[in-house]
Amino acid sequence: MTIRIFPKLEIPQTIAAGPGPGNTDPRILDAFANAGLADHMHGDVLRGMVESKIMLRQLWGTKNVHTFGVAGTGWSGLDTIFSAILPGDTVVAFTNGTFSGIDGLTLRIKAATREELAANALDPKPASVTIIDVPHGQPVTGEIVEAALKEHKPKWAFMAHWETGSGIINDISGFSEACQKYGAMGLVDAVSSLGVEDFAIDDYPGVSAWASCPQKGLCCLPLTYAPVSFRDDYIETLRTNGAYSFVHNPIFEARHWGIIDGQDVEKGTYHRTHSAYAVAAFHESLRLALNEGIDNRAKAYRSHEAVLREAVSLLGCDVTSTMSSLVVLNLPQQLAGREMELVQNCRGRNFGIWPTLSSPVQVRIGLLNLTNAKAVSQIIRLFAQAIEELGGDGKHEEIEALLDRHYGSKDNA
Ligand SMILES: *Cc1c(COP(=O)(O)O)cnc(C)c1O
């Protein structure tokens with residue numbers, strides 16, 4: 001048999017202008033590459049984990065002791081916050097797009113009895129789980145949550161904070177209030193909002209557990225940590241009833257981050273192998289976010305999103321999203337149906353924009369780690385060019401005038 005060895009893999013620089021991942025900041029990549037140690041029980045690595053935990057609590061505005069990172073991506077953090085859901089548990093999940101839809105599937109898998117799982121192993125429909133499906137492009141409102149929790153009075157309730165599939169912001173205050181009113185423990189997918197939106201966990205006491213990811217608002221892709229945070233009521237439930245997981249059980253996981261028996265301790269103890277490289281990168285991403293200030297970050301996203309929104313509207317697109325890190329749009333009428341072609345053309349040029357991943361087909365342009373005049377101007381010009389390429393009007397002069405008006409002539413060159 002011949003052995004196949006491929007040429008060294010080279011991956012080009014791109015403008016990652018999608019819903020996520022965003023391009024990782026070079027300072028974070030430096031921290032990753034310059035960590036000089038493989039020993040995950042070394043004092044400096046353990047100290048880095050404790051410091052990260054403390055910085056994460058500040059960034060996320062919470063006193064929750066059980067606040068730390070789960071190795072992996074967004075789904076790893078989400079799997080951890082769903083770990084306390086046991087077969088037969090009652091759940092109401094609000095879904096309004098690709099990602100909350102997958103969260104709903106996870107919840108159905110976790111809450112299914114053995115018989116219910118065997119009946120439809122990959123897509124179970126347990127009697128104890130109610131999925132309230134809100135159409136793509138519409139928000140989950142406080143009224144929707146209130147009505148469903150009043151009717152079903154579940155043990156657990158779930159919602160995505162920002163649904164990245166359609167770029168829609170859901171009503172987190174209404175969700176938290178309804179959870180408190182009807183005694184449900186709230187679970188929130190905050191994968192897209194952490195590090196982008198200025199909000200504090202402790203303002204939403206109805207939410208018992210939150211999960212995010214490394215590669216969106218924290219700009220820390222080199223497979224690092226998915227932040228999670230748990231209120232004490234969640235941890236109590238978990239302590240009483242258990243979870244069918246060692247690795248994603250928050251009580252076990254928290255130990256390595258120096259959280260034992262509900263208390264901060266000086267040094268973590270072994271739970272699983274951690275990467276010193278990942279810890280160094282995660283630590284640096286939290287330092288950068290806190291240095292910039294979450295309020296400043298949120299403001300920058302809002303103002304640059306407004307420019308991008310105005311520009312694509314000028315090009316005849318219809319923007320349907322409300323998130324500040326992402327614009328989701330319908331192409332001008334005469335180009336409808338050619339979304340995939342446009343996205344492929346852009347990607348072929350290392351301008352990485354995305355289609356929606358579930359119907360209806362729309363185009364998504366993101367701003368993660370791209371909140372500066374130069375990057376946004378480049379995105380707008382490349383998008384105008386792509387519209388023109390399909391036979392639409394790139395409105396060159398009007399676009400230049402718009403950029404000039406918002407950014408001045410020297411900054412956007
Ligand atoms: C990106 C995303 C996920 C999935 O995260 P991965 O990092 O791909 O595992 C889940 N939920 C939301 C809202 C997301 O935006």
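I am working on a predicted model, where local features need pLDDT of at least 70, side-chain atom pairs count only at pLDDT 80 or more, and totals for chains, interfaces and linings use all residues. Residues are numbered from 1 along each chain as its sequence is written, and side-chain values use heavy atoms, with hydrogens and water left out.

I started with Asp 189. An N or O atom in its side chain lies 2.7 Å from a nitrogen atom of the ligand. Next I checked the ligand's oxygen atoms. One lies 2.7 Å from a polar side-chain atom of Thr 73. Trp 75 uses its backbone: an N or O atom there is 2.9 Å from an oxygen atom of the ligand. Then I looked up areas (Shrake-Rupley method, 1.4 Å probe). Alone, the ligand exposes 380 Å², and the protein buries 90% of that.

**The shell around the ligand**

I took helices (H or I, at least four residues) and strands (E, at least two) from DSSP runs, numbered from the N terminus.

**Aromatic pairs**

I paired rings of Phe, Tyr and Trp (its six-membered ring) with centres within 6.5 Å; planes under 30 degrees apart are stacked, over 60 edge-to-face, the rest tilted. I got 13 aromatic pairs. Phe 32 and Tyr 277 have ring centres 6.0 Å apart and planes at 55°, so this pair is tilted. Phe 32 sits in helix 1 (residues 26–34) and Tyr 277 in helix 10 (residues 276–292), 245 residues apart.

**Backbone notes**

Which residues does a cis peptide bond join, with omega about 5°? I found Gly 20 and Pro 21. Pro 21 lies in the segment before helix 1. Another cis bond joins Ser 359 and Pro 360, with omega about 0°. Pro 360 is in the loop between strand 14 (354–355) and strand 15 (363–366). Last, I noted Asn 369. Its phi is near 60°, a positive value in a residue other than glycine. Asn 369 is in the loop between strand 15 and helix 13 (373–389).

Definitions and conventions
Polar contact = N/O pair within 3.5 Å; in protein donor to acceptor, adjacent residues only side chain to side chain.
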